[in-house]
Amino acid sequence: MGNEKDLNINLASIREETAAAVRELVEVSKIKKGELFVIGCSSSEIIGERIGTDTNLEVATAVFEGIMEVLAPLGIYPAFQCCEHLNRAMVVSEAAMERYDLERVNVIPQPNHAGGALGTIAYQNLSDAVMVENIRAKAKAGLDIGGTLIGMHMHPVVVPVRLSMNHIGKAPIICARYRAKYVGGPRAIYEESLM
């Protein structure tokens, strides 16, 4: 599975950090059942290497498990971003594909060639996994682990979110959430719950 050299990786810690970050972002973003939560992840960055240079399936499995631990019980659809070699195509559930009228594409993510570790693990472990070219900027919240550039999948307007933690393993995380657009001018009053 991936790179087998001894890295002294604490997989339980990576799973726990991922679950904590997802849990906090779900709370802050107020994402609801049936909405899309996009995740981009560099397993290389988590272990302290440059993105795309040291793919690790064990690390990706820990990240996947941490994500699903939080999102599955809430009925929130995860959308797992693959690497740039697949043009950042997404692994989603067939239910999410149907709900959002997404177009299925034919590709199987691979860890070291095209897809990346998390895309590979998600495709293998999501019970009804399908590949879609994109999610049409419909994600209401997103977690970027290691600088994978998830913004193209976020529904405008995107607001950065700072969590109580800023790393998973050695990878920096960047989080974002959707905010309804403001309309009007200086006299407009906005609904606080949508801000």
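Analyst: E65 is partly exposed, with a relative accessible area of 33%; here buried means under 20% relative accessible area, exposed means over 50%, and partly exposed lies in between (1.4 Å probe, protein chains only). The model is predicted, so local features require pLDDT of at least 70 and side-chain atom pairs pLDDT 80 or more, whereas totals for chains, interfaces and linings use all residues. Residues are numbered from 1 along each chain as its sequence is written, and side-chain values rest on heavy atoms, with hydrogens and water left out.

Across the whole structure, five salt bridges are found, a salt bridge being a side-chain nitrogen of Lys or Arg within 4 Å of a carboxyl oxygen of Asp or Glu. One of them joins E65 to R15, with 3.2 Å between the closest N and O atoms. Helices (H or I, at least four residues) and strands (E, at least two) are DSSP runs numbered from the N terminus.

R15 is itself partly exposed, at 31% relative accessible area. The R15 side chain also meets that of E69 in a salt bridge, again at 3.2 Å from N to O. Because R15 lies in helix α1 and E69 in helix α3, this pair ties together parts that are 54 residues apart in sequence. E69, at 38% relative accessibility, counts as partly exposed. R15, R23, E65 and E69 are linked in a network of salt bridges.

Aromatic pairs are rings of Phe, Tyr and Trp (its six-membered ring) with centres within 6.5 Å; planes under 30 degrees apart are stacked, over 60 edge-to-face, and the rest tilted. By this rule there are two aromatic pairs. F64 and F80 form a tilted pair, 5.4 Å from centre to centre with 40° between the planes. F64 lies in helix α3 (residues 57-74) and F80 in strand β2 (residues 77-81), so the contact ties together parts 16 residues apart in sequence. F64 is buried at 8% relative accessible area, and F80 is buried at 0%.

A further salt bridge connects R88 with E84, whose closest N and O atoms are 3.9 Å apart. The two partners fall into separate accessibility classes: R88 is buried at 17%, while E84 is partly exposed at 45%.

Helices α2 (43-46) and α5 (117-125) each supply at least two lining residues, and the largest share, three residues, comes from α5.
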